[in-house]
Amino acid sequence: MVTQLQSVGMIEFTSIAAGIEAADRMMKASLVEPLMLKTICPGKFVVAVHGDVAAVQSAVDAGMSSADGTVADHFVIPNINEAVVAAMACATPEPTGSALGVIETYSAASAILAADTAAKTADVDIAEVRIAMGLGGKAFCLLTGDVAAVNMAVEAAANVVSQSAMLVRKVVIPSAAPEVLRNIL
């Protein structure tokens, strides 16, 4: 069971040392809980925190102010969709629908933002959010559902990610081969 997270903030750093230092400042600056503090490829560090919106924004501001030019990407998402957090932890139920949507991004933070946007836009299942491990710093999210919903969700997510020039590619496969679905989900 995924706990309700009021707000999530994330900063993706190009320096591991700067990320750890910023994580410390973020925890000391505001009443937030860590969601994720870890290294990702290629030699980056991700700090994600959760709590109420004001606390998360304050923590992210503190982390950004100490970043010294090492921020690759960042976000604050109020009322993040629970399915996104579950997909990040690979704890999702069996996806439904024959359509498969893929949103590939240049950063971990942008893939999470894309997944949240997709989940809030249409009735889709967020099957996976994979962030930067073995991906050369890129990330992606996989969505399933009916064709119209997946198209709508992918378009909305791609539009949001494109605003920060983080979109690599978006794909909608209307009727994905069962062999493909079995082997990637």
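Asp-68 is exposed, with a relative accessible area of 74%. Exposed means over 50% relative accessible area, buried under 20%, and partly exposed in between (1.4 Å probe, protein chains only). Asp-68 lies in the loop between helix H2 (53–65) and strand E4 (71–78).

This is a predicted model, in which local features need pLDDT of at least 70, side-chain atom pairs count only at pLDDT 80 or more, and totals for chains, interfaces and linings use all residues. Residues are numbered from 1 along each chain as its sequence is written, and side-chain values use heavy atoms, with hydrogens and water left out.

Helices (H or I, at least four residues) and strands (E, at least two) are DSSP runs, numbered from the N terminus.

**Backbone features in loops**

Asp-68 is not a glycine, yet its phi is positive. Asn-79, also a residue other than glycine, has a positive phi too. A cis peptide bond joins Cys-41 and Pro-42.

| Site | Value | Loop |
|---|---|---|
| Asp-68 | phi about 50° | between H2 (53–65) and E4 (71–78) |
| Cys-41 and Pro-42 | omega about -15° | Pro-42: between E2 (33–40) and E3 (44–51) |

**Strand E5**

Strand E5 (residues 99–105) has five of its seven residues buried, so it is largely enclosed by the rest of the structure. Two strands pair if DSSP finds at least two bridges between them. E5 runs antiparallel to strand E7 (residues 139–145), joined by seven bridges. Here Glu-104 stands opposite Phe-140. E5 also pairs with strand E8 (residues 167–173), antiparallel, over six bridges. In that pairing Ile-103 faces Lys-170 as its opposite residue.
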